[in-house]
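Take the points in any order you like.

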Amino acid sequence: QVQLVESGGGLVQAGGSLRLSCAASGIIFSFNSMGWYRQAPGKLRELVAAITSGGTTNYADAVKGRFTISRDNAKNTVYLQMNSLKPEDTAVYYCNAELRISSGKYDYWGQGTQVTVSS
C-alpha cells in the first residue's frame with residue numbers, strides 16, 4: 001500500500017522560511033511526477049509546485065522566486081523549500097505523487113500538513 005507522509009509544516013512569521021518533506025513508502029517504482037498542492041479555508045485546492053522524475057519543475061505564479069521544489073528519486077521523497085513566506089501562503093499543504101504504468105495512471109495524496117504564516 002502506497003503511503004505519502006508529510007512533515008515540516010508549522011507556524012512562522014511573515015518573511016520566514018519552512019521546508020516541507022514528503023516521503024513515499026510501499027512502492028518500488030519512481031513516481032513520474034511529485035508535487036505540492038495547497039488548500040486555504042474556503043478555497044479550492046491549487047497546485048503549488050511539481051517536479052518530474054527528470055527534474056522538470058512547474059510553479060504557481062504566486063510562489064515563483066520564493067519556493068523551490070526538489071526530489072530524491074532514490075528515496076521517493078519530494079521537498080518544498082519555502083522562503084519569504086506571506087500570510088496568503090497559509091493553507092494545508094498536500095503532497096501528491098503520480099504514477100503512470102501500463103495499467104493506468106494513479107494519483108496518491110498525503111494527509112496534509114498545516115502551514116500558518118502570521119503577519
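Predicted model: local features only at pLDDT ≥ 70, side-chain atom pairs only at ≥ 80, totals over all residues.

1. First, a word on labels. Strands, marked E, are DSSP runs of at least two residues, and they are numbered from the N terminus.

2. Is Ser84 buried, exposed or partly exposed? With a relative accessible area of 40%, Ser84 is partly exposed, because that class covers values between the 20% and 50% cut-offs.

3. Now compare that with Asn76. This residue is not a glycine either, and it has a positive phi of about 50°. You'll find Asn76 in the loop between E7 and E8. Here the relative accessible area is 7%, so Asn76 is buried.

4. E7 and E8 are its two strands, with 4 residues between them. Strand E7 covers residues 67–72, and strand E8 covers residues 77–82. The two run antiparallel and are joined by 6 bridges. To check the pairing yourself, look at two of the partners: Phe67 goes with Met82 in E8, and Asp72 goes with Thr77 in E8.

5. Have a look at the two faces of E7 as well. In a regular strand, side chains alternate between the two faces of the sheet. Which residues of E7 make up the covered face? They are Phe67, Ile69 and Arg71, while Thr68, Ser70 and Asp72 make up the uncovered one. Note that an arginine is part of that covered face.

6. Next, the disulfide. A disulfide is a covalent bond between the sulfur atoms of two cysteines. How many does a search of the whole structure find? It finds 1, and that one joins Cys22 to Cys95, with an S to S distance of 2.1 Å. Cys22 lies in strand E3 (residues 18–25) and Cys95 in strand E9 (residues 91–101), so the pair ties together parts that are 73 residues apart in sequence. The link of Cys22 and Cys95 is left-handed, with -80° about the S-S bond. Both Cys22 and Cys95 are buried.

7. E9 also pairs with E11. The two strands run antiparallel, with 3 bridges joining them, and Val92 stands opposite Gln114 in E11. E11 has another partner in strand E2 (residues 10–13): these run parallel and are joined by 4 bridges. There, Gln13 stands opposite Ser118 in E11. So that you know what to look for in general: strands of a sheet pair through backbone hydrogen bonds, either parallel or antiparallel.

8. As for Gln13 in strand E2, its relative accessibility is 61%, so Gln13 counts as exposed. The C-alpha atoms of Gln13 and Asn32 are separated by 34 Å, with the two residues 19 apart along the chain.

9. Last, the largest pocket, with about 160 Å³ of space. Its lining includes Arg38, Lys43, Glu46, Arg66, Lys86 and Asp89. By class, the lining has 4 nonpolar, 1 polar and 7 charged residues. Ala91 is one of the lining residues too. This alanine is found in strand E9 and is buried, with a relative accessible area of 2%. Between the C-alpha atoms of Ala91 and Tyr108 there are 19 Å in space, and the two are 17 residues apart in sequence.

Note on methods
Residues numbered from 1 in each chain as written. Heavy atoms only, no water. Disulfide = S-S within 2.5 Å. Buried < 20%, exposed > 50% of the residue type's maximum accessible area, 1.4 Å probe, protein only. Pairing = 2+ DSSP bridges. 1 Å grid on protein atoms, 1.4 Å probe; cavity = no way out; pocket = protein on both sides within 12 Å on 5 of 7 lines; lining within 4 Å. Points joined across faces, edges and corners; volume = space filled by probe spheres on them. Nonpolar A, V, L, I, M, F, W, Y, C, P; charged D, E, K, R; others polar.
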